[in-house]
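Please work through the following exercises with the sequence and the structure open beside you, and try each task before you read its solution.

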Amino acid sequence: MATEALGWWGVPLAIAAGTLRGSAPFLFVSLGECLTEKSGKINLGLEGTLLTGAMSAYAIAYLTTSPWLGVIMAGVAGMILGVIHGWLSQQPRVNDVAVGIAMIIFGSGIAFFLGKPFIQPSAPPLPALQFGAWSSLPQVQSALQISPLFLIGIAIAPLMQWFFRATRWGLYIRAVGDSPDAAKAMGISIFKVRMLCIIAGSFLAGIGGAYLSLYYPGSWNERISGGQGLMAVALVIFARWQPMQCLYASLLFGGAQAIGPALQSVGIDSYYYLFNASPYILTLLIMILTCSPKRTLNGAPGALGQ
Amino acid sequence: MYRSQLPITKIMINRYNSRTLEAICIPLAALLFSLLLFGIFCAFAGADPFGVYASIYRSAFGSWRAFQNTLLRAAPLMLSSLCTALPARLGLVIIGNEGAIIVGGLGAVAAGLSLSTAPPTIVQIAMAIASIVCGGLWIGAVGALRHYRGVNETISSLLLNYIAIALLNHLVGGPMRDPSSLNKPSSYPIAEINMLGDIPGTRVHYGLIYGLVACVIAYFLIQRTTFGFAARVAGGNIRAARIAGLPVGKLTIMICFLAGSCAGLAGMVEVAAVHGRANESLNANYGYSGILVAFIARHNPLAATLVAILLGGILASGGSLQRSHNLPDATVLVFQGLVFLVVLFSESLYGRFFKDGSAVTT
């Protein structure tokens with residue numbers, strides 16, 4: 001990195017660059033989780049979905065040399081896992097959190113099993129848009145390389161917000177999530193609505209995985225996700241179940257993740273690992289500050305986790 | 001209708017028996033079904049399913065030597081599973097086993113290194129106490145956050161896993177680092193004499209005894225003491241427990257502390273009996289497998305010992321699957337995932353085959 005030339009100014013720049021690069025997976029999983037939780041189910045298994053998505057995207061992109069086909073296949077792979085989660089978690093007396101843990105093990109197992117042959121070869125990465133051409137500084141130019149996939153994610157957030165607020169289907173989902181009995185009285189199939197929400201949410205999480213393996217960091221290995229899928233649940237709580245706030249939360253988490261590497265680039269690396277854990281510490285602190293034993297959280301779907 | 005005219009099966013399968021029968025048959029059927037699914041998976045992956053089953057059996061239970069390998073892996077699994085099984089009695093889903101194992105291991109190393117001149121017995125006791133306290137406080141904090149701040153225990157314990165991993169990397173990469181560990185940053189090693197030895201006549205270390213004893217104690221604590229009874233009442237209906245005057249908060253924190261201390265002890269066993277030092281091998285997924293053990297055992301500590309041995313066998317067979325069937329090491333992970341999914345599905349089967357009263361539904 002040429003950040004040294006900028007001295008301390010390199011740190012905020014590197015954090016900004018890291019935010020623009022590293023937030024997309026958070027954004028996709030949190031939007032996926034938000035959609036799932038609005039219908040009243042929790043999907044803790046998005047970590048497995050993220051890994052499976054990353055693996056399938058990389059494998060398909062390598063085999064077909066088309067990264068965009070890889071992105072689609074990542075979504076489809078996510079949907080397949082979503083079908084399992086959606087069906088299983090709606091059986092009587094089956095706890096959706098437990099199914100989520102099982103899906104983490106199963107999804108990462110499948111991803112590592114099928115992805116083994118793809119650790120070595122290199123797949124074509126997703127192209128990036130250059131927004132930094134106006135600047136003469138190479139650091140600024142590289143910081144403003146933005147993946148179109150990230151822009152798509154940013155576009156989905158307000159769309160989903162509008163979808164929940166203004167459409168009939170959005171109303172159905174909110175009804176199922178808030179009060180299943182009322183929804184049943186309206187003649188809505190709770191099973192179908194939740195199933196579709198979980199499948200669509202898993203599709204988004206799969207795309208988030210494709211971003212990891214095809215854009216940033218841009219390779220496939222078994223440590224690629226590092227718990228980002230697990231953060232989805234915490235992110236959605238932080239975002240108060242609002243898609244637009246999922247966007248802001250993802251940017252914050254992407255930025256927090258970039259603090260460690262940014263400080264390392266100016267020579268501060270004695271607390272490197274602890275800074276790397278900052279998204280997790282941040283989430284925990286936010287939860288401690290905002291939760292209360294007296295009331296359920298503002299904005300939480302009424303039937304969540306029941 | 002007179003009682004004597006009832007068919008004999010209806011009399012024999014009364015309520016109590018049918019529950020016991022279910023509790024044995026359904027998990028067994030689930031295990032068999034997941035074996036079937038795994039076989040289909042292997043066939044798709046191009047391996048002979050029966051060959052795979054055979055080599056899992058051979059490398060897990062086939063010989064005394066293999067079985068000792070299985071027991072070695074079962075020891076931390078038993079302790080780790082208690083970290084999920086105990087809070088489950090209160091209705092809490094805690095998955096912070098991995099973090100508690102790591103913190104417990106770090107505590108044990110710190111105690112073992114700072115007391116290196118004391119007699120070995122003292123050092124070992126100190127290591128055990130340090131790991132119990134560290135792991136206990138780690139998960140106890142989850143319980144306290146749950147009670148005082150209403151923070152979801154599943155998510156906070158999950159986040160703590162990642163914080164523990166970062167702490168481990170930080171400590172073995174910096175303050176505790178042995179400069180001679182080049183490729184794999186590790187802490188200074190514990191003196192050979194202070195390590196937990198093997199049970200005489202075997203290659204199995206004393207960690208197995210720790211695991212078995214902890215499971216038996218946990219079972220009696222839950223099933224046979226007033227403390228356990230109070231916990232079960234609070235787990236069943238928290239409002240009723242409050243009205244009955246049970247100290248729900250204290251119970252939550254106590255149970256979480258005990259749960260964490262068991263997982264912490266697993267970390268101590270790994271450090272003091274296997275690795276001899278703290279490094280990233282502490283983060284060996286015994287946490288996640290422990291959750292699986294707890295769920296298959298339906299949160300019963302005695303059943304957890306058997307399930308841990310079974311799963312320990314599957315873990316032990318990973319290497320041989322790689323060698324003799326050319327399957328990647330993640331095969332074991334797929335198997336675990338399948339077992340977990342099928343076992344969870346089997347939860348919905350309880351009460352479906354035997355009506356609550358007396359008779360078998362046809």
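**Salt bridges in a predicted model**

B:Arg298 and B:Glu347 meet through their side chains in a salt bridge, with 3.1 Å from N to O. A salt bridge is a side-chain nitrogen of Lys or Arg within 4 Å of a carboxyl oxygen of Asp or Glu. This is a predicted model, in which local features need pLDDT of at least 70 and side-chain atom pairs count only at pLDDT 80 or more, while totals for chains, interfaces and linings use all residues. Residues are numbered from 1 along each chain as its sequence is written, chains are lettered from A and ligands numbered from 1 in the order in which they are written, and side-chain values use heavy atoms, with hydrogens and water left out.

**Exercise 1.** Find which parts of chain B the pair B:Arg298 and B:Glu347 ties together.

*Solution.* Begin with B:Arg298, which lies in the loop between α12 and α13 (301-316) of chain B. Helices here are DSSP runs (H or I, at least four residues; strands are E, at least two), numbered from the N terminus.

**Exercise 2.** Decide whether B:Glu153 is buried or exposed, and do likewise for its partner B:Arg146.

*Solution.* First, the closest N and O atoms of this salt bridge are 2.7 Å apart. Then compare relative accessible areas, where buried means under 20%, exposed over 50%, and partly exposed in between (1.4 Å probe, protein chains only). B:Glu153, with 5%, is buried, whereas B:Arg146, with 35%, is partly exposed.
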